[in-house]
Amino acid sequence: MDTTDETFDKVRELIEPFNKKGVEITPATRFQQDLEWDSLTVLDFVANIEDEFDIIITMNMQAEIETVGQLVDAVRGLSGG
Amino acid sequence: MSDLLSKFDPLIEQRETLLSTGVTDPFNLVMEKVESPTVAICNGRRTILLGTYNYMGMTFDPDVVAAGKNALDEFGSGTTGSRVLNGTYAGHKACEDALKDFYGMDHAMVFSTGYQANLGIISTLAGKDDYILLDIDSHASIYDGCALGNAQIVPFRHNDIEALEKRLKRVPEGAGKLVVLEGVYSMLGDVAPLKEMVAVAKANGAMVLVDEAHSMGFIGEHGRGVAEAQGVIDDVDFIIGTFSKSVGTVGGFCVSNHPKFEIMRLVCRPYVFTASLPPSVVATAATSIRKLMDGADKRAHLWENSKRLHEGLRQLGFTLGTDQPQSAIIAVIMPDLETGAAMWEALLKEGLYVNLARPPATPAGMTLLRCSLCAEHSSEQVGEILAMFSAAGRATGCI
């Protein structure tokens with residue numbers, strides 16, 4: 001995956017406020033294991049992503065997304081970008 | 001062989017750690033005798049009940065008990081069948097008639113539990129390509145209804161009108177939309193802004209379902225719930241409720257004015273593929289529902305109890321789930337599970353039962369001592385309750 005594109009940069013920017021451990025964000029970063037996010041953090045973050053890109057990421061989709069790269073791909077697909 | 005139960009090891013360990021401190025298991029209490037809606041014998045000790053959903057105190061109402069006994073004699077102990085086969089007796093129809101009169105609605109469908117009512121109605125209404133927008137703090141039965149129907153699930157932040165509106169506008173054009181809300185959220189006892197949320201849902205072409213489990217009999221001029229109190233009940237498409245709270249027995253229901261509602265009886269699997277309620281249960285429910293229509297005095301006393309307990313606990317220095325009393329539920333927020341369990345046990349030793357609530361049932365990982373009041377709690381009992389909270393709170397260092 002291209003890590004220099006705009007979608008990845010924006011997602012990484014939105015992750016930062018919740019990146020309490022200062023983990024380096026790459027497409028392979030896992031939300032649960034690496035960032036150790038709980039369900040409430042996921043909700044807040046997903047809401048921010050949805051508002052930024054004007055999309056809906058349903059819980060059904062969220063269940064399939066484990067890494068930052070997978071999220072970027074999903075956002076790109078949903079926003080038609 | 002891989003042990004399928006090993007996924008529960010962290011929970012088993014957490015329980016063992018908690019119980020090894022010698023604390024009484026908060027999830028294994030046995031009531032040896034129940035004297036009234038507000039008093040039971042637990043561990044040989046007379047205990048005030050402040051952790052039931054018996055809001056209107058109907059469980060020992062003489063008319064309700066007599067109706068149940070009579071139905072046992074006349075119709076036997078159970079139906080042994082589905083509502084759509086041999087499981088619909090006169091009592092089931094009478095119970096649905098009582099619900100239609102109580103809510104002033106055209107249709108009522110009785111399920112065997114409130115859980116099944118949400119499971120059945122939500123999964124049947126919203127299928128794979130439909131969107132369900134629900135409050136993140138929704139009850140487990142609502143989430144399970146979403147999962148059973150394979151619908152697209154879109155949660156929004158608790159009671160956030162703008163978050164709901166934004167997401168409604170993003171649903172693909174032409175897709176079916178169901179907005180699921182609760183009148184009273186049972187963990188913190190807070191009420192939803194239904195007036196605004198129902199308006200937003202309707203303006204965006206969604207159908208609306210409101211679960212009024214914790215408000216029936218108590219909130220609203222006729223006890224129909226938060227939607228009635230906020231003046232939007234006519235815009236709600238489906239109301240879900242239960243008999244296991246204010247009604248005082250067990251069972252669930254959906255009421256609606258939708259002209260095609262009756263077809264649900266044939267297509268709703270949690271309604272079809274389970275045995276119907278026993279005749280004694282529907283007889284007690286129907287009698288209780290009709291008595292709740294005239295419950296204005298009890299409603300007023302329950303509000304008094306709720307306001308007094310909220311104010312008293314606040315003055316003692318406890319942190320509460322809401323700034324003002326909004327329902328019959330007052331949630332005391334505990335700093336952690338260990339303190340919560342210690343406080344729960346100290347209260348039990350004082351002679352008071354409350355609910356210890358913990359994740360995943362609670363929002364934001366909170367541990368709560370959840371108090372639910374009853375219209376049959378006397379003013380003296382509320383005074384006793386506050387004295388017990390004061391003693392237990394000091395003994396455990398909570399206040």
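**Entry 1. A bridge in chain B**

I began with Ala357(B), whose bridge partner in β16(B) is Leu368(B). The model I am reading is a predicted one. I then looked up the two strands concerned: β15(B) and β16(B) pair in the antiparallel sense, over three bridges.

**Entry 2. The three-stranded sheet**

I placed this pair in its sheet, an open one of three strands in the order β13-β16-β15 (chain B), with antiparallel pairing. The edges are taken by β13 and β15 (355-357) of chain B; each has a single partner strand, so one side of each lacks a neighbour in the sheet. On average, neighbouring strands of this sheet are turned by 30 degrees against each other, direction ignored.

I next followed the other pairing of the sheet. Strand β13 (residues 329-334) of chain B and strand β16 (residues 367-372) of chain B pair over six bridges in the antiparallel sense. Within β16(B), Cys371(B) stands opposite Ile330(B).

Is β13(B) buried or exposed? I found that five of its six residues are buried, so the strand is largely enclosed by the rest of the structure.

**Entry 3. Helices against this sheet**

Helix α13 (residues 337-350) of chain B lies across β13, β15 and β16 of chain B, and runs at about 35 degrees to β16(B).

**Entry 4. The loop between β15 and β16**

I examined the loop between β15 and β16 of chain B, where Pro360(B) has its place. Pro359(B) and Pro360(B) are joined by a cis peptide bond, with omega at about 5 degrees. Ala364(B) lies in the loop between β15 and β16 of chain B as well. Ala364(B) is not a glycine, yet has a positive phi of about 55 degrees. I noted both entries because most residues other than glycine have a negative phi, and most peptide bonds are trans. With 14 other C-beta atoms within 10 Å, Ala364(B) is partly exposed.

**Entry 5. The four-stranded sheet**

I turned to another open sheet of chain B, which has four strands in the order β1-β2-β3-β14 and mixed pairing. Its edge strands are β1 (31-36) and β14 (352-353) of chain B, each pairing on one side only. β1(B) pairs with strand β2 (residues 39-42) of chain B in the antiparallel sense, over four bridges. Lys33(B) has Ile41(B) as its bridge partner in β2(B).

I also checked Asn43(B), which is in the loop between β2 and β3 of chain B. Its phi is positive, about 50 degrees, although Asn43(B) is not a glycine. Asn43(B) counts as exposed, with 12 C-beta neighbours inside 10 Å.

**Entry 6. Leu50(B)**

Where does Leu50(B) lie? I located it in the loop between β3 (45-49) and α2 (62-75) of chain B. Leu50(B) has 25 other C-beta atoms within 10 Å, and is therefore buried. Setting aside neighbours within four places in sequence, I listed its contacts as Leu352(B), Tyr353(B), Val354(B), Cys371(B), Ser372(B) and Ile385(B).

**Entry 7. Two helices of chain A**

I moved to chain A and looked up how two of its helices pack. The axes of helix α1 (residues 6-15) of chain A and α2(A) come within 10 Å and cross at roughly 145 degrees. The crossing of α1(A) and α2(A) is right-handed. On the α1(A) side I found Lys10(A), Val11(A) and Leu14(A); they meet Phe45(A), Asn48(A), Ile49(A) and Glu52(A) in α2(A). The residues of this contact divide into four nonpolar, one polar and two charged.

**Entry 8. Where the chains meet**

How many residues of chain A are in contact with chain B? I recorded eleven, against 13 residues of chain B. On the chain A side, the elements that give two or more residues are α2 (39-53) and α3 (59-62) of chain A. α2(A) gives the most, with four residues. The chain A side divides into six nonpolar, two polar and three charged residues.

**Entry 9. Confidence**

Chain B averages a pLDDT of 96, and 100% of the residues score at least 70. For the model, ipTM is 0.89 and pTM is 0.95.

Technical notes:
Residues are numbered from 1 along each chain as its sequence is written. Chains are lettered from A and ligands numbered from 1 in the order in which they are written. This is a predicted model: local features need pLDDT of at least 70, side-chain atom pairs count only at pLDDT 80 or more; totals for chains, interfaces and linings use all residues. Two residues are in contact if their C-beta atoms, placed from the backbone, lie within 7 Å. Ala, Val, Leu, Ile, Met, Phe, Trp, Tyr, Cys and Pro count as nonpolar, Asp, Glu, Lys and Arg as charged, and the others, Gly among them, as polar. pLDDT is the predictor's confidence in each residue, from 0 to 100. A residue is buried if 20 or more other C-beta atoms lie within 10 Å of its own, exposed if 12 or fewer, and partly exposed in between; C-beta atoms are placed from the backbone. Two strands pair if DSSP finds at least two bridges between them. Axes are lines fitted to C-alpha atoms, for helices over the stretch in contact, and angles run from 0 to 180 degrees between N-to-C directions. A crossing is left-handed if the near helix is turned anticlockwise from the far one by less than a right angle, and right-handed if clockwise.
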